[in-house]
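Dear colleague,

Please find below the structure that I am handing over to you. A summary of the findings follows it.

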Amino acid sequence: FNPRATIPELSYINIDNAQVYGFEMELRKQLNFISPSLKNFTFSTNVAIINSGYDIPENEITNSKAIDIRYDLTRRPFQGQAPFITNFILSYLNTDNGLESTVSFNVSGRKLYGIALFATPDIYEEPIPLLNFKLSKRIGENYQISFTARNLLNAENRKTQNFNNIKYLAEGFRIGSTFGLNFTYIVK
C-alpha cells in the first residue's frame, strides 16, 4: 500500500525467500456415546496453527528508518495468512426421515491485509466470527427443500493499523446476513 499515491494504490511485490509451517488437527465424534438418543448428532472441529513470515527487504527497512528512526520491523507474516483457523460444526442427520441440519462456527486470527510503505503501519484484518445454519428435508424420493442462514452474527469486517500502541480503524463494514430457501428436484 502506497500512502503517498494521490489515489489509493495497491501493488504486489514478490520476495525471494519465506517460511511457513504449522499443523492442523481434526476431530469428529458421533454423540451417541453421551446418550443413545443423540445417535444422529455429530460434532466436528478442526484447528490449524500456522506460522508464516519473511524478512523485510533491507531497502524497505532503510527507507522506513529515514522517515521514522523508531521503525524497528524486520519481519512480517504472509499477506492474508491467518495465524490460526478454527471451525466447530454440529450436525444432525436422520436418513430415515430425510432430515439434515448443520450449525457451523468459524473464526480465523488477525491477518496482514496490506503492507504500508514509508514507515506507515501495516494494515491488518481483525478476526471475523462466522455463524451459519442449514436445514434440509427430503420430500418423497425426488424432492428436497433447504433453508440456509449465513453470517448470522454479522460481525464487522475491520481493518486496522497500530501506531504507538493505539489501534486505528482504517476500514470497517458489515457484509450482512443472507438467507436462502431452495427447492431441489433430484434425478435418480
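**Pockets, surface patch and salt bridges**

Strand β10 (157-163) supplies the largest share of the lining of the second largest pocket, namely three residues. The model is a predicted one, in which local features need pLDDT of at least 70 and side-chain atom pairs count only at pLDDT 80 or more, while totals for chains, interfaces and linings use all residues. Residues are numbered from 1 along each chain as its sequence is written, and side-chain values use heavy atoms, with hydrogens and water left out.

The second largest pocket holds about 400 Å³ of space. Of its 18 lining residues, Y71, D72, L73, P121 and N162 lie nearest the centre. This lining comprises six nonpolar, five polar and seven charged residues. (A pocket is an open set of points on a 1 Å grid over the protein atoms alone, where a 1.4 Å probe fits, with protein on both sides within 12 Å along at least five of seven lines; lining residues have an atom within 4 Å of a point.)

The largest pocket has about 730 Å³ of space. It is lined by 24 residues, with S11, Y12, I13, Y54 and I115 nearest its centre. Two or more lining residues come from each of α1 (58-67) and β6 (111-114), and α1 gives the most, with four. By class, 13 residues of this lining are nonpolar, eight are polar and three are charged. Helices (H or I, at least four residues) and strands (E, at least two) are DSSP runs.

A nonpolar surface patch of about 1100 Å² includes L135, I139, Y143 and F183 among its residues. Its members have over 30% relative accessible area and no salt bridge, and their nonpolar side chains are joined within 5 Å. β12 (178-185) contributes four residues, the largest share.

Eight salt bridges were found in the whole structure, each a side-chain nitrogen of Lys or Arg within 4 Å of a carboxyl oxygen of Asp or Glu. One of them joins R110 and E126 (2.9 Å, N to O). This pair links distant parts of the chain, 16 residues apart; R110 is partly exposed at 28%, whereas E126 is buried at 12%. D68 and R70 form another, at 3.2 Å between the closest N and O atoms. Salt bridges also link E60, R76 and D122 in a network.

Yours sincerely

Definitions and conventions. Patches are made of residues with over 30% relative accessible area and no salt bridge: like charges are joined within 9 Å, nonpolar side chains (Val, Leu, Ile, Met, Phe, Trp, Tyr) within 5 Å. Accessible areas come from the Shrake-Rupley method with a 1.4 Å probe; for residues, only the protein chains shown count as cover. Grid points are joined across faces, edges and corners, and a volume is the space filled by probe spheres set on the points. Ala, Val, Leu, Ile, Met, Phe, Trp, Tyr, Cys and Pro count as nonpolar, Asp, Glu, Lys and Arg as charged, and the others, Gly among them, as polar. Buried means under 20% relative accessible area, exposed over 50%, partly exposed in between (1.4 Å probe, protein chains only).
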